[in-house]
Amino acid sequence: MKLATWNVNSLAVRLPQLLDWLAEQQPDALVLQETKLTDDKFPHAEIEAAGYAVQWFGQKTYNGVALLSKAPATDIVRNIPGFADEMARVITGTVGGLRIVGAYFPNGQAPGTEKFEYKMQWLRGLRDWLREELATHPKLVLMGDFNIAPEDRDVFDPVAWAGQIHCTDEERDHFRKLVELGLVDAFRLFEQPPKSWSWWDYRNLAFRKNQGLRIDVILVSEALKAAVRECVIDKAPRKNERPSDHAPVWVRLESA
DNA sequence: ATGACTCCCAGTGGGAGA
């Protein structure tokens, strides 16, 4: 099983790149973030023609998520049960016996703002729901754009970013509390190249200079940990014309 | 350096992203 996550930063713009990547990488399931499309505008026909079933949940301008899978997903849940939210940020389904949660975590803007407080509330809501979800679905994968750089080694300039959004103690504490539910960061199960990022600012030639953050993450439950074989950030799509600012991340699990 | 780029909706500018 190959599972992937990609913040496409507008599916309207990135659809051709998505179709290319699906054809090349053949993931069994892929979650998308920042589709930025209302449900009536979602390009499901093109995705289905590429051999994927798809569930989607979006809104105008911001946010929007989708779950693509070769085998249709079942038991779909949109957003976080028990947490009222105006924004389309989470889509969950079961594929091949795995509970797949695709999430677009709030950005949070800056500590001390209303958006930061919303991020904290959202993270609490996610954790409370995931605790229950893990109890009923031990084989669970939470993946997406976390908008949290878990540790300093996930930041190109940890001194400059200290205390800044994505790197605050509060955000990292929430990340650790998710892990403490019984999840593991698949990327860190393996030796990885230093300076591995999943996002590079569009400004400042950041990609060329490899100045980025690792904020796109795949967490697998303890029940799946032993099955994880590989976890890769695929930088290739960031080299496309008109790329997303995020790279896809994928994980390969031993088929069982 | 309250920047830089990209996307969106609006409407010839501005918010948001991270």
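Of the 256 residues in chain A, 45% are buried; a residue is buried if 20 or more other C-beta atoms lie within 10 Å of its own, exposed if 12 or fewer, and partly exposed in between, with C-beta atoms placed from the backbone. This is a predicted model, in which local features need pLDDT of at least 70, side-chain atom pairs count only at pLDDT 80 or more, and totals for chains, interfaces and linings use all residues. Residues are numbered from 1 along each chain as its sequence is written, while chains are lettered from A and ligands numbered from 1 in the order in which they are written.

**View 1. The whole of chain A.** Chain A holds six helices and 14 strands. Its radius of gyration is 17 Å, close to the 18 Å that the globule rule gives for 256 residues, so chain A is as compact as a globular protein of that length. Here the radius is taken over C-alpha atoms, and the rule is 2.2 Å times the number of residues to the power 0.38. Helices (H or I, at least four residues) and strands (E, at least two) are DSSP runs, numbered from the N terminus. Along the principal axes, the C-alpha atoms fill a box of roughly 45 × 45 × 40 Å. Take the contacts between residues at least 6 apart in sequence: 68% of them join residues at least 24 apart. Two residues are in contact if their C-beta atoms, placed from the backbone, lie within 7 Å.

**View 2. The surface near DNA strand B.** There are 22 residues around DNA strand B, and Ser10, Thr61, Asn107, Tyr202 and Arg203 come nearest. A residue is near a molecule or strand if its C-beta atom, placed from the backbone, lies within 6 Å of it. The residues of this surface divide into six nonpolar, nine polar and seven charged. Ala, Val, Leu, Ile, Met, Phe, Trp, Tyr, Cys and Pro count as nonpolar, Asp, Glu, Lys and Arg as charged, and the others, Gly among them, as polar.

**View 3. Two loop residues with positive phi.** Threonine 61 sits in the loop between strand 3 (53-57) and strand 4 (65-69). Its phi is positive, about 75°, although threonine 61 is not a glycine. Is threonine 61 buried or exposed? Threonine 61 is exposed, with 10 other C-beta atoms within 10 Å. Asparagine 210 lies in the loop between strand 10 (199-200) and strand 11 (212-213). Asparagine 210 is not a glycine either, and its phi is positive, near 50°. It counts as partly exposed, with 13 C-beta neighbours inside 10 Å.

**View 4. Helix 3 and its packing.** Helix 3 covers residues 114-136, 23 residues in total. From first C-alpha to last it reaches 33 Å, close to the 33 Å expected at 1.5 Å a residue. The expected span is 1.5 Å times one less than the number of residues. Which residues of helix 3 are buried? They are Lys119, Trp122, Leu123, Leu126, Leu130 and Glu133. These buried residues pack against strand 7 (98-104), strand 8 (140-145) and helix 5 (169-180).

**View 5. Strand 1 and its two partners.** Five of the six residues of strand 1 (residues 2-7) are buried. Strand 1 runs antiparallel to strand 14 (residues 249-253), joined by four bridges. There, threonine 5 has valine 249 as its bridge partner. Strand 1 runs parallel to strand 2 (residues 29-33), joined by five bridges. There, asparagine 7 has glutamine 33 as its bridge partner. Two strands pair if DSSP finds at least two bridges between them.

**View 6. Strand 12, covered on both faces.** In a regular strand the side chains alternate between the two faces of the sheet. Six of the six residues of strand 12 (residues 216-221) are buried. Asp216, Ile218 and Val220 lie on one side, and Val217, Leu219 and Ser221 on the other. Strand 8 and strand 12 run antiparallel, with five bridges. Aspartate 145 stands opposite aspartate 216. Strand 9 (residues 183-185) also pairs with strand 12 in the antiparallel sense, over three bridges. Aspartate 185 has leucine 219 as its bridge partner.

**View 7. Around threonine 35.** Threonine 35 lies in the loop between strand 2 and helix 2 (44-49). Threonine 35 is buried, with 30 other C-beta atoms within 10 Å. Setting aside residues up to four places away in sequence, threonine 35 touches Val8, Leu11, Trp56, Gly58, Gly64, Val65 and Ala66.
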